[in-house]
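Subject: Structure handover

Hi,

Here is the structure I promised you. Please open it and keep it beside this email.

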Amino acid sequence: MATLSRRAARECAVQLLYGYEFSREAEPSDFFDLNCAEQQLPSDDFSRKLFMEAASHLDEIDALIAENAKGWKLGRISKMTLSVLRLCICEMKYFDDIPLAVSMNEAVELSKTFDDGDAPAFVNGIVN
């Protein structure tokens, strides 16, 4: 596996989290390997660690998102926005070496890349 920039690793992880939403019965490690190969997604150890950590703590992460998304049920949040939020919360909670401001900024930038025009403001409101 090549080493990616942290941004590219996050892009890989968020795309895989999005796909995992529709295949939750899959073993996360197998899902990561298979989908990186099938989609020809560049990946590295950091993207794997991000995905695996988020996938293994989805219920806990979703509870934190629900707690902070006042007036929004998780089912109303787009799957891509939810994937971005999951990645951000995962970084904030389980990765001590990443400053919170970096995780929050990256989440907003990922939502600009992968979601619609309203998503960055929504993501920013949840993670700040």
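Below are notes on the core and the aromatic rings.

This is a predicted model: local features need pLDDT of at least 70, side-chain atom pairs need 80 or more, and totals for chains, interfaces and linings use all residues. Residues are numbered from 1 along each chain as its sequence is written, and side-chain values use heavy atoms, without hydrogens and water.

Start with the largest nonpolar core. It has 39 residues. (Such a core is a set of buried Ala, Val, Leu, Ile, Met, Phe, Trp, Tyr and Cys residues joined through side-chain atoms within 4.5 Å. Buried means under 20% relative accessible area, exposed over 50%, partly exposed in between, with a 1.4 Å probe and protein chains only.) L16, F51, I65, V84, L85 and L87 touch the most other members. Helix α5 gives the largest share, 8 residues. (Helices are DSSP runs of H or I, at least four residues, numbered from the N terminus.)

Now the rings. There are 7 aromatic pairs. (Rings of Phe, Tyr and Trp, the last by its six-membered ring, pair if their centres lie within 6.5 Å; planes under 30 degrees apart are stacked, over 60 edge-to-face, the rest tilted.) Ring pairs link Y20, F31, F32 and F51 into a cluster.

Y18 and F22 pair edge-to-face, 5.4 Å centre to centre and 70° between the planes. W72 and F122 have centres 4.9 Å apart and planes at 65°, so they are edge-to-face too. W72 lies in the loop between α4 and α5 and F122 in helix α7, so this pair ties together parts 50 residues apart in sequence. W72 is partly exposed, at 35%; F122 is buried, at 18%.

Best wishes

How values were computed:
Helices (H or I, at least four residues) and strands (E, at least two) are DSSP runs, numbered from the N terminus.
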